[in-house]
Amino acid sequence: MRLNALLGAQPARLMSAKLRRRRRSPDDVGFAVRCDWPLSRAGVVHDFSRFATSQQRARRRAEATARFWRPGSMRPLAVTVVPIVRGEFAAHPPACTSLTCPTTAVLYGLAAGASAGVPG
């Protein structure tokens, strides 16, 4: 019996799936959705979700995340897209309060510690 008949897929599809799996490495640069949450005792905490290698896809995911939380009583203070490496994304703890985590400042040409505002 042929391999195609056994697996029920075309060889090109199998090969592309293998390549997609192989290309994912901890060094991949991409974008993640960052949600900043209010927390009275620590000020603000954040978490990252929905890693994507495309900035456009990450923006769409951020918009979907904001739409998901909009009707509820608990809403994030901000939903943004941040540049991040896949390995850092995977190792990032939930409910993080660190000031050294990626922000949108890099996308606007600002230093990570710069105050928010429009680059001039």
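Reply: Two residues are in contact when heavy atoms lie within 4.5 Å. By that rule, and leaving out residues up to four places away in sequence, T65 touches V33, C35, R50 and V79. The model is predicted, so local features need pLDDT of at least 70 and side-chain atom pairs pLDDT 80 or more, while totals for chains, interfaces and linings use all residues. Residues are numbered from 1 along each chain as its sequence is written, and side-chain values use heavy atoms, without hydrogens or water.

T65 sits in helix 3, residues 55-69. Helices are DSSP runs of H or I with at least four residues, strands are runs of E with at least two, and both are numbered from the N terminus. T65 is buried, because its relative accessibility is 8%. The scale is this: buried is under 20% relative accessible area, exposed is over 50%, and partly exposed lies in between, with a 1.4 Å probe and protein chains only. C35, one of the contacts of T65, is buried as well, at 3%.

Now the helix itself. The expected span is 1.5 Å times one less than the number of residues. For the 15 residues of helix 3 that gives 21 Å, and the end C-alpha atoms are 21 Å apart, which agrees.

Which residues of helix 3 are buried? They are A58, A62 and T65. These residues cover an arc of only 60° around the axis, so they lie on the same side of helix 3. The arc is taken from the directions from the helix axis to the C-beta atoms. An α-helix has 3.6 residues a turn, so residues three or four places apart point the same way. The buried residues pack against strand 1 (29-39), strand 2 and strand 3. The face turned away from the buried side carries exposed Q56 and R67.

The N-terminal end is capped by S54. One of its side-chain oxygens lies 3.3 Å from the backbone nitrogen of Q56.

Next, the rings. Phe, Tyr and Trp rings (the six-membered ring for Trp) pair if their centres lie within 6.5 Å; planes under 30 degrees apart are stacked, over 60 edge-to-face, the rest tilted. There are 3 aromatic pairs by this rule. F51 and F89 form a tilted one, 5.5 Å centre to centre with 45° between the planes. This pair joins distant parts of the chain: F51 is in strand 2 (residues 43-52), F89 is in helix 4 (residues 86-91), and they are 38 residues apart. F51 is buried at 13%, whereas F89 is partly exposed at 22%. F68 and W69 are edge-to-face, because their centres are 5.2 Å apart and their planes stand at 90°. F68 is exposed at 60%, and W69 is partly exposed at 29%.

I84 is buried, at 3%. Its contacts beyond four places in sequence include F31, F48, F51, F89 and P102. The C-alpha atoms of I84 and F31 are 5.4 Å apart, though 53 residues separate them along the chain.

Last, the cysteines. A disulfide is a pair of cysteine sulfur atoms within 2.5 Å. The whole structure has 0 disulfides. C96 is in none; the nearest cysteine sulfur, that of C101, is 3.6 Å away. C96 is buried, at 9%.

How values were computed
Polar contact = N/O pair within 3.5 Å; in protein donor to acceptor, adjacent residues only side chain to side chain.
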